[in-house]
Amino acid sequence: MGTVRARGSSSTAADGDSGRTGSSPHSLEPDVVASALSVLQEGRLFRYDCLLPESSPTSCFEREFADFLGTRYAIAVNSCSSALLLALLACGVGPGDEVLVPAFTFIAVPSAVVHAGATPVLVETTADLVIDPDDLERKVSPRTKAILLSYMRGRVPDLERVLEACSRRGVQVVEDVAHGMGVEWDGVPLGRFGRAAAFSFQSHKLLDGGEGGMVVTDDRDVALRTLLQSGCYDRNWRWHFLEEGDHDWLEEASNSLPVYGFRMSNLTAAVLRPQLPRVPARLADYRERYRRVAEGIAACPVRLPSHSERVTPVPDSLQFEIPSLGPEQLSDFVKHCNARSVPLQVLGLDPANSRCFWNWRFVESLGCPRTRDLLSRLADLALPLSLNERDLAHIVDVIRTGLADAGTPGG
């Protein structure tokens, strides 16, 4: 098996939470390589070194992504972390504010809140790995300005209830769609439910740019504030596809906001653009990989979190809880899998794991005991597109034998 490699149970830290080890989730197709080479040969790597928006790969990718998602604006940046921070700032989040964050998410999410000068407030996670609406209601305070609604591992809460509670309590919704591109709620793609949303193009996401992010929104103020603060200066907004009246707004606001160097490069955009039409096929591939492994371990003594019937999932990874094993047995199970080239991890076993909130020493945890208890037994395994049928069968076999060796009943 050349496509699944064990490097131990801990994951490599990467923006947007790769949580993955082993090879790339998919190789870059010839047209992707050709697109990148074209930009390199032309030598215009900076997104504003172009004569017209039509000659900027980054501007074109913004327009194509907005059309793909059905949003009014899309602003390309260098990472999803940058996108999260810019979205919060554009929504007016700052010092003295609180932002609700699911207790099960990646470290970049509460980090964005801290970088904005606000305080992250962690909200409990349910057994299905989604934010708990009841705890959300309890955690709202007069200082709550927004929620960073993170769809960790592509899991979607009861959006109807969450959005109603946020609207009733005056809480702005910013969606973290790093893990949720292609996932739908009632047929509507994630990223269309909040005031703004952030996407990731890190290498282990649906679109592989190495790094990269996008802020999408239908709100003009949010879009243009994001554009300026991402590092659009000296009237470089002329190299964006904008609407009538946007240039007047930008002219008036020019140099009124502090800016960051968060722009996406033309090289990254050139790599991403040819991949966008492949999204439907990749979604289908992910669903099939998950189905095969989930069905293969269905008879094992594990609990797989469920999806709402209103969700069309895109599971690029597998999570399951092992209630019957203690910490020592879980550790043996992880070692068994890793030694056989299945880089599975149990999240709560690793004191450096960036998905376990009690390891975030810059955040006050406020307990969240139910989430901590769940993550202490939660196995997590990537199912990249590089896996073939033999790899999937091997994964199932290794999990089955590992559970049997660990002493689970019926394992």
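This is a predicted model: local features need pLDDT of at least 70, side-chain atom pairs count only at pLDDT 80 or more; totals for chains, interfaces and linings use all residues.
A residue is called buried when its relative accessible area is under 20%, and exposed when that area is over 50%.

A disulfide is a covalent bond between the sulfur atoms of two cysteines. A search of the whole structure finds 0 disulfides. Cysteine 91 takes part in none, since the nearest cysteine sulfur, which belongs to cysteine 166, is 12 Å away. Cysteine 368 is likewise in no disulfide; for this residue the nearest cysteine sulfur is that of cysteine 356, 13 Å away. For such a bond to be counted, the two sulfur atoms would have to lie within 2.5 Å.

The next topic is the nonpolar interior. In soluble globular proteins, nonpolar side chains tend to be buried together. In this model, the largest nonpolar core has 44 residues. Which residues have the most contacts inside this core? They are Phe61, Phe65 and Phe199. When neighbours within four places in sequence are left aside, Phe199 is in contact with Phe65, Leu69, Cys80 and Val177, among others.

The structure holds 7 cavities of 30 Å³ or more. The largest cavity contains about 110 Å³ of space. Among the residues that line the largest cavity are Ala178, His179, Gly180 and Met181, together with Ser200, His204, Lys205 and Leu206. Tyr286, Val314 and Asp316 also belong to this lining. By class, the lining of the largest cavity has 5 nonpolar, 4 polar and 2 charged residues.

Finally, there are the open spaces. The largest pocket has a volume of about 210 Å³. Its lining is made of 16 residues, and those nearest the centre of the pocket are Arg72, Tyr73, Ala74, Phe241 and Leu242. Which element gives the most to this lining? Helix H2 does, with 5 residues. Helix H2 spans residues 57-69; along with strand S1 (73-77) and helix H7 (220-231), each supplies at least two residues of the lining. In terms of class, the lining of the largest pocket divides into 9 nonpolar, 2 polar and 5 charged residues.

How values were computed
Residues are numbered from 1 along each chain as its sequence is written. Side-chain values use heavy atoms; hydrogens and water are left out. On a 1 Å grid over the protein atoms alone, a cavity is a set of points where a 1.4 Å probe fits but cannot get out, and a pocket is an open set with protein on both sides within 12 Å along at least five of seven lines; lining residues have an atom within 4 Å of a point. Grid points are joined across faces, edges and corners, and a volume is the space filled by probe spheres set on the points. Ala, Val, Leu, Ile, Met, Phe, Trp, Tyr, Cys and Pro count as nonpolar, Asp, Glu, Lys and Arg as charged, and the others, Gly among them, as polar. Helices (H or I, at least four residues) and strands (E, at least two) are DSSP runs, numbered from the N terminus. A nonpolar core is a set of buried Ala, Val, Leu, Ile, Met, Phe, Trp, Tyr and Cys residues joined through side-chain atoms within 4.5 Å. Buried means under 20% relative accessible area, exposed over 50%, partly exposed in between (1.4 Å probe, protein chains only). Contact means heavy atoms within 4.5 Å.
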